[in-house]
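Student: I would like to learn how to read an interface between two chains. Could you take me through one, term by term?

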Amino acid sequence: MADVIIWLVAIPLVGAIATLLLPRPATLLVVATGVATSTAAGLLLYSVAIQGALHYEVGGWTAGLGIALRADGLSALLLMMVALVMLAASVYSSAYFKEATQRERFWPLWLLLWTALNALLLSGDLFNLYVTLELLGLSAVALAALGGTHAAVAAALRYLLVGLLGSMMFLAGISLIYAGYGTLDMAQLAQTLAAGPVAWTALALMTAGLLLKTALFPLHFWLPPAHASAPAPVSAVLSALVVKAAFYLVLRLWLDVFADMVTPTAANLLGVLGAGAVLWGSWHALRAERLKLLAAYSTVAQLGYLFLFFPLLQALPPGAARELAAGGLVILALSHGFAKAGLFLAIGVIQQRSGHDNIQQLDGTAQRLPATTFAIALAGVALIGLPPSGAFLGKWQLLAAAVTSGQWLWLLVTAIGSLLAAAYIFRVLGHAFGHRPYPNQPVAVACEEWPALLLGATATLLLGLASAPLWTLLEIGS
Amino acid sequence: MLTAHVMYGLSGCLLVALGLRTTLLHASLLRRVLAINVMGAGVFMMLIAVAYRGLGVPPDPVPHALVLTGIVVAVSATALALALARRLHAEHDNG
Amino acid sequence: MNALMLLVFDGLLLLGIVSLAWASLASSDDRNSVILFMAFGLVLAVAWGRLMAADVALAEAAIGAGLSGALLLAAVRKRPAQMAAGRANNSHNPDRTGVNMLLQWSVTLLCAALAGTLAWALLDAFSSTPHETLPQAISANLEASGVSNPVTAVLLNFRAYDTLLELAVLLTAVLGILAMGRATAVYQPAGPIFDGLVRWLVPVLILTAGYLLWVGAHAPGGAFQAGATLAAAGVVLHLAGHPRIGLPAGFALRILMAAGVAVFLAVGLSLLVMGRPFLGYPPAWAGALILIIESAAMLAIAATLVLAFVGAFPRSTATRAASRQVREEEAR
């Protein structure tokens, strides 16, 4: 059953090659690839739930000599989120891109992005992580530049340079690790790493590189323009999945590989930066004039919440409280992934229909595109953190952990951030439910509107109401 | 620890710092691309110094493989960056 | 060679490398920067050779200095509009304005601190005895790997998964470049001297590529170095004004681009279906399988690097008149 790990990487890669060679039946190929990959992700989740953490040694060589792929509860959950979001966005994309040349350029890069995400989440080797990070970065940049406008290409170029800088720092950290410990396998390193110049410098370098890629304040400057000018499905995936992948790596490094070395000061630093992200991002989202910019700033803010967990996890002793907090972190990440993807897809529908995404001019959207507006509302509920969304549970755990460990600052930041989020979401909805009656019948296009709707519903309803098994899953391998 | 380790290792660190400084300070795209490549060369030098065991002694092949992969990745990224810049300049020239 | 001579050699080499890097980054002219960078790459290749890293030296010379240099030189070609603007702005250096002294000094200090921290950590790592577990495991398994060059064994067998993903990275970059749809300039058909050079250079490059591919199994060389040499042949053809650059058109070209990843996947998945691990070659077949994968990878690397240089699919029906027309369009 561990074979499913390698299928998760191989299937989207095969799909990418197929869509490159056979552009005519591309949409069919993409849907087939998407369904196959999602099935594999589901199988993996099931296998991990039944059998515990899985690992796969590529080529049959033992970990260290060869590359080991690993799946535990956390990565299986994230892989499932990646699969569902990419599947929904793929369905949306088949309707979003009208010209054949656009689609021809889009699909191979799209499936290569999916390959990169899966490969990254499954990798158990540091250098392999570097290669997957580069694949992820280059495919994301190429997709973002497909927007074609001057703004899109300029933002994509800045994204590329920032990404390269981050990767270079990550690689510098890897070289120090190899110099000091002679192995690149993460499981082996987790056991043999000891506090010292090599480990501290490597952790600092790798974290700095990853923080650039996850756009944590104050290294977030590249994100809003890039996510706002990319095509809608690309923005959805960039905000929901790509930055999340870099965050996952920070989590892995801090809680797993370098776990013994993390000091309270370092964790607090991450927390402070996260707080800055929450406040800065929410404030700018409130003042944004365009929907896509609002969503991009919201991503910066929501990622900040995830980093607020670090000082809390550091302060809590291992035990039930820590497990609950860790679970809250993951469910908040999952909820944001689904909600942000749904939001961007819905914005894409509005942008294609009205030709713009100005918030002030959203008058009457609720009447013209009721399903889309409902999708925005659902996503908004999850972004604010209202019950019964998964984000509510996540923030609840955040607040509970803050109270338990006595760190009141994070409580205050979360409260302010949530209030600001409520403000900017309700501002959008207020404009969407304009007062002027709209004479024409509402138009619904299934391919375009259902994916956004389903994503929003998952974030708000499914994750919130059906989240109990999540905590047991996260126990596995953590 | 061989003398070569110290010399090449430190030079690698120096190249990384040099490249980083220009990446952060210089405004021109081309110069930034060159600077990131210089940073890469610095990291490669550190890796190859780690692999070195002495003249005529077989070195550790793993860092060599890593550097080879890194060189190809670097040229791919450089090519993409230059292509994006070319697209921007073309639009700028055409008005 | 006694230790003192080696020390002096190393010192001069490193001085040269760092000076070239500094000069390249600090130069005020873009073209000078690129040329100095190419020189930096070549001297770096010498350093890799000095450190017993022959495979890396070959790759650095071919890819790092050669192809990167060609890409960068093509990027600094000035078009007529730019030249006029350049003459107007000659005295004004746009990169220094706005960057005040405080910022410059703090960034320089930050980078110096980074260098110091890196050096501190690296020296600490060097002071412990070198870790030999991996190199010993590689030597022990070298015979079963199918090749006798350890670097090729690591790249194509032990860590083949990394190489598969790396070929995917190359493909991704080229797809992104082609999607931008802007070719680098079309070059005019070569005059008699250049044409004569091309006529013997390209076959020699092709032969060298084949040799590098074959010899990579037991000596420094391999698919990447061979692919880069082939790509150089393609670049030379492009510079000489050949419209097709030796590449096929349409579907055949796509197959070439995808060949590296496709063959790798085909081998890996067939082995998986037959019950072996993914990319777990049976020792008896390992050498042959590696050669097959490397051949496909060489062709794919060559095709993708040439396409990356050209920037767009080659015009399949270009004639001299059409190339002249394109040049006129670019000049406008």
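Student: How many salt bridges does the rule find across the interface of chain A and chain C?

Tutor: A salt bridge here is a side-chain nitrogen of Lys or Arg within 4 Å of a carboxyl oxygen of Asp or Glu, and the rule finds two across this interface. One of them joins the side chains of C:R254 and A:E104, at 2.7 Å from N to O. This is a predicted model, in which local features need pLDDT of at least 70 and side-chain atom pairs count only at pLDDT 80 or more, while totals for chains, interfaces and linings use all residues. Side-chain values use heavy atoms, without hydrogens or water, residues are numbered from 1 along each chain as its sequence is written, and chains are lettered from A and ligands numbered from 1 in the order in which they are written.

Student: How many residues of chain A are in contact with chain C?

Tutor: With contact meaning heavy atoms within 4.5 Å, 52 residues of chain A are in contact with 44 residues of chain C.

Student: What area is buried between chain A and chain C?

Tutor: Buried area is the accessible area (1.4 Å probe) that two parts lose on being put together, summed over both; here the area is about 4400 Å², of which carbon and sulfur atoms give 77%. A:L20, A:W61 and A:L65 supply 16% of the area that chain A buries against chain C, more than any other three residues.
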